[in-house]
Amino acid sequence: MLAKSGRRVWFMLLLYVSLTLARCQGIWRTPSDDQSYVAKDRRDDDHLPAARPNFVFLITDDQELVPEGIQHGMRYTLPMMRQFGTTLQNFFANTPICCPSRATLLTGRYPHHWFVPSDDACMYMDVAGEDFAKVSMGVLMQRLGYTTGCFGKTLNLEVGTQYCNKTSATAFPGWNSSFALCNKFNFQENVWNVNGSILNTTDYMTSVIGNRSLSFIESSLQSGKPFFAYIGVHAPHLPSTPAPWYKDEFRDLRAPRSRNYNFHGSTHHYLVRSQPPLTEDIQSAIDELYRDRQRSLLSVDDIMRDVINLLSRYGQLETTYVIWTSDHGYQLGQFRLPVEKEQPYEHTIRVPFFIRGPCIPEGASLPFVASMVDILPTLIELAGAAVPASMDGHSFARTLLSGGSSFREKHLVEYWSVARNPYYNHHLIDIENNTFIGVRLLNATHSYLYAEYYAHRHEQSFMHPIECELFDLKHDPWQLWNLYGLPEAHSVGPLHSVLSELRRHLHSQVKCSGQEECVL
């Protein structure tokens, strides 16, 4: 028999576990009858808690996960999120370029959903009209009862557009408080859209974004209403300018010399196989850029530390989902490409994804595959609502909360070349026939990338690729050898079966629309 004190301890423990399970099971609801347009408010559902969780969503810009893109500059954030949250080991961007990736993030729809063959669009994304605005993140979260705030970089806006015109700027739809970056993304002397008015600043950009974000979060905490804060920093994107107080950090760092660093990809597509070797001067420049990228992330790290401290001070840390990811990765010498990201390889599409908050397993590292298109559906379900059927992405909330390992095993990659033969010190960085579609397969037995390249940047039919690539990352994790040209890929056998399935899946999905067509 347990003593009274012992029975009391066990009773309190059982009560705590029961209450925690009851709170967490609020996510597990039946689908809404109407998921066609917006997420339906489910607060009246008996399975949901009365109070909604808060959200702080932090997205970096061009932050690679492999190799060593997060270890140095995020020196507080990385261990904190690993210890108190869950790491997704296999999270990917659906495109390796800014505006299309953010369009996917903000709407839960693939880039092909927003593609228009116009150089006036945002990297070929039609994001300026009402069709985009009415299904975007801020609008949907507002309709779920959230006070919403948007700070920093959302899309690639420029001075003179509808949101950044000095005389007729309009406020961003869906955000109760917006402080959106307008200019060409310097780290100082910036132009902002502040709730529909234009503001110029000269202070260090990341700190300005952080201060505005913290002010919104604190005001929301004081109001007692659920809030959603989107924090889009520009770091570590070029020019990767560090804050003056961090400019001397990491003097001994150099860019990682991975197996594919300065490697001649002789079997790869034209842009890669045409690269000359990296000179010593270019390698030194890459190393300095790598140091500046890590230095610039120290100010992002400061934002996260201040957010956590603020939530803790108001007693809301355990009721708030805190998320950190990046729009896509980056290349620093891989396959002799000195800079930029417009490739379908691991260093450009595999990105960090960390989350902590209510019912999220602490210290977990989960292997399931998810991608940028799945983020908004997941946020909506974590908020206790049904995911609109019109979204291409799927929610991984249930897999996340249960600590599961199975969600999707394939994800789509798309890119329409935005460059017109740009060079970096005699290195061709992008070209029109660098337009591609691809599919990444990752499960317990297979790890492949299949990509098709097309001649024209306005390609929409995807019928006649000019080149193809097939990589077996289980045996070739650095993607050194393209298997597509091997006889085994085109004759009866295991490799041909994999290639056929990847090609079939890719072409069934490259024009998909909505949850029913866009399969896991």
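Helices α5 (130–133) and α6 (137–143) each contribute at least two residues to the lining of the largest cavity, where helices (H or I, at least four residues) and strands (E, at least two) are DSSP runs numbered from the N terminus. The model is predicted, with local features needing pLDDT of at least 70 and side-chain atom pairs counting only at pLDDT 80 or more, while totals for chains, interfaces and linings use all residues. Residues are numbered from 1 along each chain as its sequence is written, and side-chain values use heavy atoms, with hydrogens and water left out.

By class, the lining has ten nonpolar residues, three polar and no charged; Ala, Val, Leu, Ile, Met, Phe, Trp, Tyr, Cys and Pro count as nonpolar, Asp, Glu, Lys and Arg as charged, and the others, Gly among them, as polar.

After α3 comes G108, with a positive phi near 70 degrees.

Strands of a sheet pair through backbone hydrogen bonds, either parallel or antiparallel, and two strands are taken as paired if DSSP finds at least two bridges between them. Ten strands form an open sheet in the order β6-β5-β4-β3-β7-β1-β8-β9-β2-β10, and their pairing is mixed. At its edges are β6 (197–201) and β10 (364–371), each pairing on one side only. From one strand to the next, the twist averages 20 degrees; axes are lines fitted to C-alpha atoms, for helices over the stretch in contact, and angles run from 0 to 180 degrees between N-to-C directions.

Within this sheet, strand β7 (residues 227–232) has six of its six residues buried, so β7 is largely enclosed by the rest of the structure. F227, A229 and I231 point one way from β7, F228, Y230 and G232 point the other way, and all are buried. Strand β1 (residues 54–60) runs parallel to β7, joined by five bridges, with V56 opposite A229. Strand β3 (residues 147–152) also pairs with β7 in the parallel sense, over six bridges, and G152 has G232 as its bridge partner. Four bridges link β3 in parallel to strand β4 (residues 177–181), where S177 is the bridge partner of G149. Helix α3 (residues 98–107) lies across β1 and β7 at about 170 degrees to β1. Helix α7 (residues 205–223) packs on the sheet as well, touching β1, β3, β4, β5 (190–194), β6 and β7, and its direction makes about 175 degrees with that of β7.

A further open sheet has four strands in the order β11-β14-β15-β16, with antiparallel pairing. β11 (410–415) and β16 stand at the edges with a single partner strand each, so one side of each lacks a neighbour in the sheet. The twist averages 10 degrees from one strand to the next. In strand β15 (residues 447–454), eight of the eight residues are buried: S447, L449, A451 and Y453 on one side, and Y448, Y450, E452 and Y454 on the other. Strand β14 (residues 435–442) runs antiparallel to β15 through eight bridges, and a hairpin of four residues joins β14 to β15. L441 stands opposite Y448. Strand β16 (residues 467–472) pairs with β15 over six antiparallel bridges, with L470 as the partner of Y450 and E467 as that of Y453. Helix α13 (residues 494–509) lies across β11, β14, β15 and β16, at about 55 degrees to β15.

Note on methods
Buried means under 20% relative accessible area, exposed over 50%, partly exposed in between (1.4 Å probe, protein chains only). Contact means heavy atoms within 4.5 Å.
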